[in-house]
Amino acid sequence: MKTNHCKIVDCTIRDGGLVNNWDFSIEFVQQLYAGLNEAGVDYMEIGYKNSPKLLSGADEAGPWRFLNDDFLRQVIPNKGTTKLSALVDIGRVDENDILPRTESMLDLIRVACYIKDVDKALQLVQTFHDRGYETTLNIMALSNVMENELLEAFEMINESVVDVVYIVDSYGSLDYKDTEYLVQKFKTHLPHKRLGVHTHNNMQLAFSNTLVAAQNGVELLDASVYGMGRAAGNCPTELLVTHLKNTHYKIRPVLEVLENLLIPLREKEEWGYLIPYMITGSLDEHPRSAMALRASDAKDKVVGFFDKLTTPEVSFEKK
Ligand SMILES: C[C@H](O)CC(=O)C(=O)O
């Protein structure tokens, strides 16, 4: 039987941390890792490897915001077959904090950037590659990128050592046609690179777009349990685990994690498909305005919110 070419990268802690400021207990992360490992999920992104020296708000955030290698060894004393990944952002990571892979629990380092910073991101990729890690380049907000910028980026990427290049739908505004178009463009211009996809569920399309990408040859599929991720969240891990054919995945351990960890957490924290996120997704915008609305007393005033975002005149409230 033909085996499926796809691999799942579970981002529950990293992207979900944007919902609760990475306030996950050690037991939560250990149980999640054990469940994903039993389920056969290929990678778990256990947080960010940015430097607290380069970012404000470090004191309030949980430890998954600024991963430390000694801490990680204590959290996962018995690593299984699920590999560990960390994300870094341009300008927020201190290269000196990244140990050689042989001395680290991490297997994969993913570098996130906007299109204008692809050159800087590829320099970091080279450093991490030289230290022995698998690497990805995650180009965020691709729905806002001009063709000429993309073509310029492809030239640099082709000359780089990066293993996997990601199509990232940061605003959750792509549909199946857009996804197919982007995947074909990436395949044409990056014939020797493997591809990944990271989707957001603003328009209830995260799962469907991920499947379209997979069907068109994309290998690394980002997801998170119960879709936990910033604003509308991500493609749910449980859906990929149960749906992808010819794989070794098991759904039961993911259901256990859902029942024990994510369903109770969803009672306290909010993420997922909500109308303000649908509005920003459909307008191809960052969800920050919708997140601010949901945190305010006017959280369900979706008509006024829509009017405000779609009116060219800008009015500021008088203090
Ligand atoms: C690089 C990551 O995929 C960043 C992210 O989550 C985004 O939506 O952007």
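A polar contact here is a pair of N or O atoms within 3.5 Å, one able to donate a hydrogen and the other to accept it. With that in hand, welcome to a few close-up views of this predicted model.

**View 1. The side chain of D175 reaches a backbone nitrogen.** Start in the loop between β6 (164-168) and α6 (176-189), where D175 has its place. From there, the D175 side chain comes to 3.0 Å from the backbone nitrogen of K177. Leaving aside residues up to four places away in sequence, D175 also touches L205 and N209.

**View 2. E45 and R14 form a salt bridge.** The closest N and O atoms of this pair are 2.8 Å apart. Side chains of opposite charge can pair when their charged atoms come close. Searching the whole structure turns up 22 salt bridges.

**View 3. Domain 1 meets domain 2.** The protein chain is divided into domain 1, covering 7-266, and domain 2, covering 275-310. Their contact draws 10 residues from domain 1 and 10 residues from domain 2. Between the C-alpha centres of the two domains the distance is 26 Å.

**View 4. A closer look at what domain 1 and domain 2 bury between them.** The buried area comes to about 850 Å², with 61% of it on carbon and sulfur atoms. On the domain 1 side, Y171, N202 and A231 supply 51% of the area buried against domain 2, more than any other three residues. By class, the side of domain 1 that touches domain 2 has 4 nonpolar, 5 polar and 1 charged residues.

Conventions: Residues numbered from 1 in each chain as written. Predicted model: local features only at pLDDT ≥ 70, side-chain atom pairs only at ≥ 80, totals over all residues. Heavy atoms only, no water. Domains from an automatic or database assignment. Contact = heavy atoms within 4.5 Å. Buried area = accessible area lost by both parts, 1.4 Å probe. Nonpolar A, V, L, I, M, F, W, Y, C, P; charged D, E, K, R; others polar. Helix = DSSP H or I, 4+ residues; strand = E, 2+ residues; numbered from the N terminus. Salt bridge = Lys/Arg side-chain N within 4 Å of Asp/Glu carboxyl O.
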